[in-house]
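These are my notebook entries on a single chain, written while going through its structure. I looked up selected features one at a time.

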Amino acid sequence: MESLRFVLPQSEIPTHWYNVAADMPNPPLPPLGPDGQPATPEQMGAIFPMAILEQEMSSERWIPIPQPVREIYRLWRPSPLVRAARLEEMLGTPARIYYKNESVSPVGSHKPNTAVAQAYYNKQAGIKRITTETGAGQWGCSMALAGQMFGLEVRVYMVKVSYGQKPYRRSMMQTWGAEVFASPSNMTQTGREALAKDPENLGSLGLAISEAVEEAASRADTNYALGSVLNHVALHQTIIGLEARKQFELAGDWPDVIFAPCGGGSSFAGIAFPFIADNAAGGRNGKPVRLVAVEPSSCPSLTKGDYAYDFGDASGFTPLMKMYTLGHDFMPPGIHAGGLRYHGASPLVSQLYHEGLIEAIAVPQLATFDAGVMFAHAEGIIPAPESNHAIRGAIDEALRCKETGEAKTILFNLTGHGHFDMASYDRYFAGELEDFDYPEEAIRESLKHLPKVG
């Protein structure tokens, strides 16, 4: 019987993370401070430990994974690489479809890969408390779990629309000991101002980030942790792609194209970045791997945003980052892929896209749920709404192969399961979900508010 699961022994958990900055044609552009000059470690040290800042600015190719972090990784890593043979059969495609199953973590997603690392470095620095934001709740759960592992208090500002849509994610955070507040909240000046302008404000990741950063900056015992976007987060997530490379060797195969959902960019970076090194050397057997970020058409930062310096949060507390952005005060609609409701994309992902080294597509909400249900019928796993974006990209590619007869190898990142997203599926089955292509004129209006640099 042909093997469909490719599982590494725990001795094969990577010992180092991969830093894509070492293999980029041009050095990553630096974040800027309020004066328009490159931000210094001292400026960012108010909310991050020095070890994290060193990783954020490093150009070293390999960064060692601390042993305490690897020991916790053993709870779920290495995650399996799985051949989706039943999905291939359902589609009638000659393509071979694989997925990296990150839903096997205690949280049910890829997010603990960086949460555990960030909690470790903050604990080493003597920090007592962590503030953070969360959209769909997977990151907040991950930080709550990691805080519990290292004895840190955790406070989570959860985007209000997701706070209402995903109550069991809230329960999970509280089970792991975290406090959870709907954002915008009355806990911060940022939240109070947002509610004064619009008492019905549904929130956004940018706004929740502002609240968490505001609180962290006001207390010496508290640091901030971010679940996506920044270089060190992308670094920690590369354990996904590093394992996948070894697993494809076991399978005797190699991907032609990789799809991953993309909001801030952590899951895309995690699976795609380790293949950038191969592409930089001309690709396996002279054939580079196509790397495709899949974003929602309602929040299309890569495909419709401007490549510009912008704040990472709604209120301008963060340094300015060069990224594809819809404008830091962009307020996305209340789609159910809450983890993708972010106004910008990771600076590293953005620069690679700007330089033509990766691709990006935007897909509508209903098509992603269509794909998720099809995957559940074939493979049994109910995916998270965020993961459905990558599945949509993979299915569409497989159907193109059906038309052309090409036997491509397709890999996608199954970033998490949807067990706590069933209210979203209920609305889908009831015909209550809608597609929403954000109007060009609304994007143009938001982009008028980009900060002036230089």
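**Entry 1: a lysine in a loop**

I began with Lys166, which counts as buried because its relative accessibility is 0%. I located Lys166 in the loop between helix H7 (160-165) and helix H8 (167-175). I then looked for a partner and found that the side chains of Lys166 and Asp421 are joined by a polar contact of 2.7 Å. I note for all entries that the model is predicted.

**Entry 2: the sheet**

In what order do the strands of the open sheet run? I read the order as E1-E4-E5-E15-E10-E11-E14, seven strands with mixed pairing. At the edges I found strand E1 (5-6) and strand E14 (359-363); each has a single partner strand, so one side of each is left without a neighbour in the sheet. E1 and strand E4 (residues 81-83) run antiparallel and are joined by two bridges. I recorded Leu81 in E4 as the bridge partner of Phe6. Helix H12 (residues 239-251) packs on this sheet, where I found it touching E1, E4, strand E5 (96-101) and strand E15 (409-414). The direction of H12 makes about 140 degrees with that of E5.

**Entry 3: Arg77 and the salt bridges**

My search of the whole structure returned 23 salt bridges. One of them joins the side chains of Arg77 and Glu243, at 2.8 Å from N to O. Arg77 lies in the loop between H3 and E4 and Glu243 in helix H12, so this pair ties together parts that are 166 residues apart in sequence. Are the two partners buried or exposed? Arg77 counts as buried at 1% relative accessibility, and Glu243 counts as buried at 0%. I also noted that a cis peptide bond joins Arg77 to Pro78, with omega about -5 degrees.

I next examined Glu397 and Arg290, whose salt bridge has its closest N and O atoms 3.2 Å apart. This pair links distant parts of the chain, with Glu397 in helix H17 (residues 385-404) and Arg290 in strand E11, 107 residues apart. Glu397 is buried at 3% relative accessible area, whereas Arg290 is partly exposed at 29%.

Finally, I recorded a network of salt bridges that links Arg129, Glu153, Arg155, Glu179 and Glu215.

**Entry 4: backbone geometry**

I found a cis peptide bond between Ser183 and Pro184, with omega about 10 degrees. Pro184 lies in the loop between strand E8 (179-183) and helix H9 (189-197).

Val229 has phi near 75 degrees and sits in the loop between strand E9 (222-224) and helix H11 (231-237). Asn285 has a positive phi of about 55 degrees and sits in the loop between helix H13 (266-280) and strand E11 (290-296). Val229 is buried, with a relative accessible area of 4%, whereas Asn285 is exposed, at 78%.

**Entry 5: the nonpolar cores**

Which members of the largest nonpolar core touch the most other members? Among its 92 residues, I listed Trp17, Met143, Tyr224, Phe268, Phe273 and Leu291.

Methods
Residues are numbered from 1 along each chain as its sequence is written. This is a predicted model: local features need pLDDT of at least 70, side-chain atom pairs count only at pLDDT 80 or more; totals for chains, interfaces and linings use all residues. Side-chain values use heavy atoms; hydrogens and water are left out. A nonpolar core is a set of buried Ala, Val, Leu, Ile, Met, Phe, Trp, Tyr and Cys residues joined through side-chain atoms within 4.5 Å. Buried means under 20% relative accessible area, exposed over 50%, partly exposed in between (1.4 Å probe, protein chains only). Helices (H or I, at least four residues) and strands (E, at least two) are DSSP runs, numbered from the N terminus. A polar contact is a pair of N or O atoms within 3.5 Å; within protein, one must be able to donate a hydrogen and the other to accept it, and residues adjacent in sequence count only if both atoms are side-chain atoms. Two strands pair if DSSP finds at least two bridges between them. Contact means heavy atoms within 4.5 Å. Axes are lines fitted to C-alpha atoms, for helices over the stretch in contact, and angles run from 0 to 180 degrees between N-to-C directions. A salt bridge is a side-chain nitrogen of Lys or Arg within 4 Å of a carboxyl oxygen of Asp or Glu.
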